[in-house]
Amino acid sequence: MSQEWHEIVVAALKANDIRLIPYVPDNVLKPLIAAIHADPFFTAFTTAREEEAVGIVAGGAMAGMRGMVLMQTSGFATLANVLASLPCAYQIPVLLMVSERGTLGEFNIGQAAVWRTMRPTLESLGMEHQVITRLDECGFIVDRTIRQALLTQQPAALILSPLLTGGKASPVKAGGAAA
């Protein structure tokens, strides 16, 4: 029996002792968030903004607790300054898991605008980032990205493609208009 993507992610987080999970709610990440809340291994809670979650994970890292921020693509739009001035500047292994929106059937133009800038921003910050598109590569990429971030003391991002998660798309009515 094959595991779902979120079950693979939970196993990789546990294997790497990633316990602190602040997040901004997201429909694509619902199964992962539910699985994390159901497991007493994790300390998970919502934050008002992605910048707050990054600060919490950075503080946790400085106190010896490993964590990961969960968010969707649009939330990344506000992070360039906080990433550049905290985890990138001070070599703090802040991990991000981003549900990729803005492509492959996306209906929200705001998501699409941020999607076009997310990877170039990560590249300009020199942040390691991997896009996970297939179930058979999910565990390997999550595990190895976490390990690299911890060993090099650098932030990293994992981007969950709609090819993996199914994404969030609006059905199209006859005539081409979104439902």
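This is a predicted model: local features need pLDDT of at least 70, side-chain atom pairs count only at pLDDT 80 or more; totals for chains, interfaces and linings use all residues.
Residues are numbered from 1 along each chain as its sequence is written, and side-chain values use heavy atoms, with hydrogens and water left out.

The secondary structure consists of nine helices and six strands, where helices (H or I, at least four residues) and strands (E, at least two) are DSSP runs numbered from the N terminus. The radius of gyration of the protein, taken over C-alpha atoms, is 16 Å, close to the 16 Å that the globule rule (2.2 Å times the number of residues to the power 0.38) gives for 179 residues, so the protein is as compact as a globular protein of that length. Along the principal axes, the C-alpha atoms fill a box of roughly 55 × 40 × 30 Å. Of the 179 residues, 48% are buried; buried means under 20% relative accessible area, exposed means over 50%, and partly exposed lies in between (1.4 Å probe, protein chains only). Contact means heavy atoms within 4.5 Å. Among contacts between residues at least 6 apart in sequence, 74% join residues at least 24 apart.

Two packed helices are described by the angle between their axes and the distance between the axes. Axes here are lines fitted to C-alpha atoms, for helices over the stretch in contact, and angles run from 0 to 180 degrees between N-to-C directions. Helix H1 (residues 5–15) and helix H8 (residues 135–152) have axes that come within 9 Å and cross at roughly 25°. The two helices are therefore roughly parallel to each other; angles under 35 degrees count as roughly parallel, over 145 as roughly antiparallel, 65 to 115 as roughly perpendicular and the rest as oblique. On the H1 side, Trp5, Ile8, Val9, Ala12 and Leu13 meet Leu135, Cys138, Gly139, Val142, Asp143 and Ile146 of H8. By class, this contact has nine nonpolar, one polar and one charged residues, with Ala, Val, Leu, Ile, Met, Phe, Trp, Tyr, Cys and Pro counted as nonpolar, Asp, Glu, Lys and Arg as charged, and the others, Gly among them, as polar.

The axes of H1 and helix H2 (residues 30–37) also come within 9 Å, and they cross at roughly 45°. This angle makes H1 oblique to H2. Trp5, His6, Val9, Val10 and Leu13 of H1 form the contact with Pro31, Leu32, Ala35 and Ile36 of H2. The residues of this contact divide into eight nonpolar, one polar and no charged. His6 counts as buried, at 15% relative accessibility. Residues up to four places away in sequence aside, His6 touches Pro31, Leu32 and Ala35.

Leu164 lies in helix H9 (residues 162–165) and, at 12% relative accessibility, counts as buried. With residues up to four places away in sequence excluded, Leu164 touches Trp5, Ile132, Thr133, Arg134, Leu135 and Cys138.

Gln91 has a positive phi of about 50° although it is not a glycine. Gln91 is placed in the loop between helix H6 (87–90) and strand E4 (95–99) and counts as partly exposed at 46% relative accessibility. Gln153, likewise not a glycine, has a positive phi of about 55°. The loop between H8 and strand E6 (156–160) holds Gln153, which counts as partly exposed at 35% relative accessibility.
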